Amino acid sequence: SKLRPEMNRIMNAQQVLFLVENGSYKVNMIYLGAFFLAYNSWTASASWSGLVFYLIYYAICELLIVVLALGLFCAGLFSYSQMDGGASSVDTGKLWTYKDQELDREFKNRKIPIETWIEAYFDGKVDLGEGVDMHDDILLNRKKYFRFNFTKGHLRFFLQKFLMQTVMHSQNWDFMDVSTTYNIGNDFYHSFLGDAMVYTSAIFDNENESLEDGQKNKMDLIGRKINMQPGEKHLDIGCGWGTFVIHCAKEFKTNSMGITIAQEQINFGLERSKEDTIWGARSPEAIERAKLVFMDYRDLPRDSKFNKITALEMAEHVGVKNYQAFLKQIFGMLEDDGLFYIQVCGLRPTWQFEDFVWGLFMGKYIFPAADASCPSSWVMGQLEQAGFEIHSYENVSIHYVRTIYLWYQNFMSNFDEMKEIYGEKLCRIWVVFLAWSTLIGSEGSSACFQYVCHKNLPEYDRRQWLGNDAANYMLRNLYPDRY
C-alpha cells in the first residue's frame, strides 16, 4: 500500500531487483529472509522452543555453507593460479644469487613464485647482484622471472590475518593495525616522503616538477575543487603529519582540524606548525587556525558540523564492513550546503592474479586492514547509498605513479642510513613496495581517484557550479585564453 503510483506497473525482473536494491524504501532482503525463516519455523514447530531450535539449526547450516563455499572458492582460485607455468628456463645469475641451498636447488634459473622470492629477499636468503636496481632490472621484467600464483604463505596470511582484520575492524583492532604502521619513525618516512611529509598522491603540471611542488599543487587543487573559503570549518580525517591541515589554514584561512591515530604523526605536525615550512613562514593566525588531534574518527562528536570534510587515502583503512557507517557519519557532520572530498586508491575490477598477489603483499606489510581498496564503481555506489551526490570524479593514477617513483628514488638514496637505524629487512620491504607499486599503477592494476560530493538534497543550490572556479578549474587550465 505504500508503493509509489509509478511503481504500480508491470516490471521485468531486472527492474524489480533494481528497486529492491536501490529503491527509496530500501527493502532489506536479509530481514525479509529472516521473517520467512522464522514464520516457517513457527508453523513447523508450533512452539517457542521449536522456533529457537530451528533458528539455531538454520544458522549453523548457513554458516557451514558459507565456510564450505569460501573454502571451495579459495581452493579453486589457488589451483587455477598454479596454471601460470614455471618450467621455463630463465637466466637470473647476474641479477641475484640464492644464499639458501634449497631455494638454489629448486629455482636456480627457473621462474619462482614472486611471493616466495620476496619473502626470501626480506629474510636475506636472496642477494641482488652488484649495481642491480629493484625497479629497473628486476620488477620491470617481473613477468619474465616470476610466477604470480598463490602460495601457502598467501593462504596462511589470508586465513589467519586478513579475514580476521576484514571481519573485525573494531576500534581496538584498527588502532593496533594502523597506528603501529605509521609510528615506525618520522625519520623513516621522511627518508622517502621528503620535506612535504605527505603520504598521498601529488599532482604534477609536468614531468620536471619536484615532489614538493607536486604536493603543493595537490593541496591547492583540493582547496579549489571544494571552494574553500576563509573562516570555514574544515575537518581532515586521517591527516597524517598535518601538512594539508596547516596548508589550508594558511593559504585558504580555514579553521582546519586534522585527526589521526598515530601519535608520531601528531608530534611531528605540532612541531612543524611552530616553524617555517618549505613553502614559507606561517603567520601566528594560521597556527591558531590549524588543529591536530589524536582521535579515531568514530570518536568525533556526532553533533559536530563542518563546511568542508576531506579524507585523503584514509577510507581504505575503514574497511568494507564499516564503510557505510563511516560515510553516513560524514553525511551527518557535513553542513547541508557543505562539500566532501574523498581520495581513494583501489584495485581494478577486471583483475589478474598479480593484482591479488600484490594486494596481499600490501595488506601484510604496508597498509594493514585496508580491505576497502575497492574499484571506483564500488566507491561511487557506497557514496550514493549514503546519500551523497557525486559532483566530480577524476582519475589521478598517473600522478600517483610519478609520486611513488620519486619516493622510491628518495628511499634508495637514503637506504644505507635507514638500514643502520631500522634494520635491513624493513628497508628491503620498502624497496619492494615502492618499486612494485610504481609499476602496478603504471599498468592500471591499481588506480587513484578524487571525488567531490555534496548531499543529495532537493534544496541544495546546484547553480553555484555554473562558472564556479571549483567546477571549471580544468577548463581554465586547459583553455586559459577562453577563461
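Where is K253 placed, and between which elements? K253 lies in the loop that runs between α12 (243–251) and β6 (255–260), where helices (H or I, at least four residues) and strands (E, at least two) are DSSP runs, numbered from the N terminus.

This is a predicted model, in which local features need pLDDT of at least 70 and side-chain atom pairs count only at pLDDT 80 or more, whereas totals for chains, interfaces and linings use all residues. Residues are numbered from 1 along each chain as its sequence is written, and side-chain values use heavy atoms, with hydrogens and water left out.

**Confidence and overall make-up**

The mean pLDDT of the chain, that is, the predictor's confidence in each residue on a scale from 0 to 100, is 85, and 80% of the residues reach 70 or more. Over residues 1–27 the pLDDT is below 50, and beyond near neighbours in sequence this stretch has 13 contacts in the model, a contact meaning heavy atoms within 4.5 Å. The secondary structure of the chain comes to 21 helices and 11 strands. Of the 483 residues in the chain, 47% are buried; buried means under 20% relative accessible area, exposed over 50%, and partly exposed in between, with a 1.4 Å probe and protein chains only. Among contacts in the chain between residues at least 6 apart in sequence, 76% join residues at least 24 apart.

**The sheet and the helices on it**

An open sheet of 7 strands has the order β7-β6-β5-β8-β9-β11-β10, and its pairing is mixed; two strands pair if DSSP finds at least two bridges between them. The edge strands are β7 and β10 (388–395), each of which pairs on one side only. From one strand to the next, the twist averages 15 degrees, with axes taken as lines fitted to C-alpha atoms, for helices over the stretch in contact, and angles running from 0 to 180 degrees between N-to-C directions. Strands β6 and β7 pair in the parallel sense over 5 bridges, and I259 stands opposite V293 in β7.

Helix α11 touches β8 (306–312), β9 (334–347), β10 and β11 (446–455), and its direction makes about 140 degrees with that of β9. Helix α13 (residues 263–273) touches β6 and β7, and its direction makes about 160 degrees with that of β7.

Strand β9 also holds D337, which is exposed, with a relative accessible area of 55%. The C-alpha atoms of D337 and L457 are separated by 9.2 Å, although these residues are 120 apart along the chain.

Most residues other than glycine have a negative phi. K253 has a positive phi of about 60 degrees although it is not a glycine, and K253 is partly exposed at a relative accessible area of 43%. N227, likewise not a glycine, has a positive phi of about 50 degrees; N227 is placed in the loop between α11 (211–225) and β5 (233–237) and counts as partly exposed, at 25% relative accessibility.

**Aromatic rings and charges over them**

Rings of Phe, Tyr and Trp (its six-membered ring) pair if their centres lie within 6.5 Å, and planes under 30 degrees apart count as stacked, over 60 as edge-to-face and the rest as tilted. By this rule the count comes to 49 aromatic pairs, and two of these are set out below.

| Pair | Centre to centre | Angle between planes | Class |
|---|---|---|---|
| F175 and F294 | 6.3 Å | 85 degrees | edge-to-face |
| Y199 and F367 | 5.7 Å | 45 degrees | tilted |

The pair of F175, in helix α9 (residues 171–182), and F294, in strand β7 (residues 290–294), links distant parts of the chain, 119 residues apart. F175 is partly exposed at 38%, and F294 is partly exposed at 39%.

Y199 counts as buried at 11% relative accessibility, while F367 counts as partly exposed at 22%.

A charge sits over a ring if NZ of Lys or CZ of Arg is within 6 Å of the ring centre and within 35 degrees of the ring normal. The charged end of K233 sits over the ring of F306, 5.2 Å from its centre, and R402 lies over the face of F204, at 5.0 Å from the ring centre.
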